[in-house]
Amino acid sequence: LTLPHFVQLMDNFVGEDVPLPTLKRLTAFIKKEYKQTEEEKMKQLEKIHRMSHTAQRKQLLEALFAKWDSNACGSLDLEEVVAALSTFKGGMGKAALMKAKKHLCSRYPQLSRMGKLSPTAFQTFLELIASEFTDNEDETIDNLVRSLATSVEQRDTESLQSSARRKWLQDIQQVAETSGTSMEPMYKAVFKALSQDMEALGDNKRISAYIALLEKNQLSPEQGQVLLRYVACTADDAPYVLNQVLHRDMKGVSFAAVDQGEPIHVPRVQLHGNIHFWNSDRPVEERKGSFLVLPLRDARWRVFGILGLDTLQDQCEKSIFLTHEITFYEGVCHAFSKAYHHICTRQNVLQVAVTALDWLYPRTPSIHTVTVYLVVPGKDKNHGLCKMITTDNTGQKEVHSSPVVLLREENLLRDYLFKCTDSSEVTLTSVYGEHHIAVPLHDLSRETLGIFDISIGQHKKLPPQEQKDLQKMLKMTQAACSEILQRSLEETEPTHVLEAEHMAYVRHAGILFHRFMLQELRQCI
């Protein structure tokens with residue numbers, strides 16, 4: 001137990017309005033009765049040491065990955081890493097390297113096709129190599145890291161360029177983490193990163209940028225099973241590009257980028273002959289410039305859209321995209337994908353919460369209101385709480401598109417919510433005579449992802465059957481959320497149980513709640 005866990009456990013145990021003498025007797029009892037054997041103490045120290053070492057190794061490998069990935073594109077070339085490690089421990093090292101590479105490709109099938117290592121796959125690769133040696137595994141990984149670090153030393157100018165670009169990409173992720181479930185701020189952060197890079201490192205070229213996502217083509221499948229819908233673009237292009245749809249049978253190279261999974265660069269659009277111009281009013285003589293399409297990939301390297309850029313508004317003759325710029329734009333695609341799927345995951349968690357509340361309210365008339373919060377990062381590691389759903393005593397819900405973020409120092413009466421966040425344990429309290437139950441939703445590390453703030457009014461506790469239904473709802477909600485989070489990992493492919501789960505992805509999150517409820521019922525029969 002951490003300190004917040006222990007404090008919350010004791011607080012829940014003693015309950016409200018406990019006399020001070022009783023509290024003192026409990027404290028004295030625990031001090032007297034709690035004893036830790038030498039064996040337990042050693043096991044605890046070993047566990048702490050192991051966790052600390054794992055965290056240090058992770059930081060070391062992340063730093064090495066970031067140093068090698070100087071253009072912040074989010075992946076390393078597998079063959080480059082293999083080449084850099086080919087001399088490690090001579091011939092014996094090469095045999096271990098090839099064996100580890102074979103295991104890695106079987107674990108990550110996309111590697112055989114793409115040849116790109118994500119940070120997770122990179123760490124797995126080094127651990128697989130180390131496991132092939134009879135030496136101490138930790139020592140072998142340290143030697144591997146030293147060997148690689150020596151081979152990727154950067155010049156000072158490259159380091160500064162990489163640092164600036166990495167900061168712009170981090171801003172995209174930060175916006176995604178603090179904007180609730182809205183995509184719009186994250187789209188703006190992407191275009192801001194592109195603009196900042198162009199100003200600082202791109203000779204101030206004037207660029208247009210747009211994001212299009214793949215959708216199933218339900219209205220005109222004869223034009224192709226999927227289409228690209230343009231969901232965001234730079235301001236000047238909005239009248240021509242925003243909400244437009246590109247079909248496979250239309251002019252353009254965007255679907256080629258989708259199919260090939262690689263960037264397509266057209267240095268001179270006027271010489272190409274297969275470019276789709278959304279602004280049909282643009283004179284032919286002004287249809288000059290460079291055009292670039294990059295595929296957007298999810299964690300399993302499946303293409304789900306494109307990022308497009310062009311310099312048609314730039315009158316400079318040499319307004320083509322350079323290699324270092326294209327590599328950075330690949331980094332923007334990677335940052336966008338992480339941010340986009342982070343928001344999608346939160347949207348799905350909220351969909352589960354909405355479905356769960358729909359199930360709960362007819363069964364629990366004693367519950368007055370429920371408010372659902374998502375935890376967002378704050379300054380100096382102080383988390384904020386984003387108010388996402390409010391439900392009144394009739395079960396009517398409001399999902400907030402522009403949510404309010406609560407900060408601890410500004411909401412003293414809601415401190416119980418922040419205690420729940422810190423401890424990741426159920427917290428009970430009374431505010432102005434109204435009793436609240438704050439229940440955490442856990443992420444895969446058992447940190448607090450979100451909170452159900454349940455008000456039961458003047459009741460100190462719910463009737464037994466209502467309490468049972470509430471506990472069942474919370475259990476199923478947690479199970480559904482854990483599966484959603486699990487699916488966001490690289491290694492995991494979705495497992496469908498109900499036929500309805502094969503339908504639209506947005507509906508699927510809510511169906512998950514009912515699936516777990518059904519599985520629970522089957523186990524009881």
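**Close-up views of a predicted model**

**View 1. Volume and lining of the second largest pocket.** The second largest pocket holds about 440 Å³ of space. Its lining is made up of 20 residues, and those closest to the pocket centre are Leu-428, Thr-429, His-436, Ile-437 and Lys-460. Two or more lining residues come from each of helix 1 (3–14), strand 13 (427–431), strand 14 (434–442) and helix 15 (464–487). The structure shown here and in the views below is a predicted model.

View 2. By class, the lining of the second largest pocket consists of eight nonpolar, seven polar and five charged residues.

**View 3. Position of the second largest pocket relative to the domains.** The second largest pocket lies between domain 1 (3–34) and domain 4 (343–524), because both domains give residues to its lining.

**View 4. Domain division of the protein chain.** Four segments are assigned along the protein chain: domain 1 (3–34), domain 2 (39–154), domain 3 (206–318) and domain 4 (343–524). Taken over C-alpha atoms, the centres of domain 1 and domain 3 are separated by 63 Å.

**View 5. Packing of helix 10 and helix 13.** Helix 10 (residues 184–201) packs with helix 13 (residues 323–360) at an angle of about 165°, and the axes of the two helices are 10 Å apart. Angles over 145 degrees count as roughly antiparallel, and helix 10 and helix 13 are therefore described as roughly antiparallel to each other. The crossing in which helix 10 passes helix 13 is right-handed.

Notes:
Residues numbered from 1 in each chain as written. Predicted model: local features only at pLDDT ≥ 70, side-chain atom pairs only at ≥ 80, totals over all residues. Heavy atoms only, no water. 1 Å grid on protein atoms, 1.4 Å probe; cavity = no way out; pocket = protein on both sides within 12 Å on 5 of 7 lines; lining within 4 Å. Points joined across faces, edges and corners; volume = space filled by probe spheres on them. Helix = DSSP H or I, 4+ residues; strand = E, 2+ residues; numbered from the N terminus. Nonpolar A, V, L, I, M, F, W, Y, C, P; charged D, E, K, R; others polar. Domains from an automatic or database assignment. Axes fitted to C-alpha atoms, helices over the stretch in contact; angles between N-to-C directions. Parallel < 35°, antiparallel > 145°, perpendicular 65-115°, else oblique. Left-handed = near helix turned anticlockwise from the far one by under 90°.
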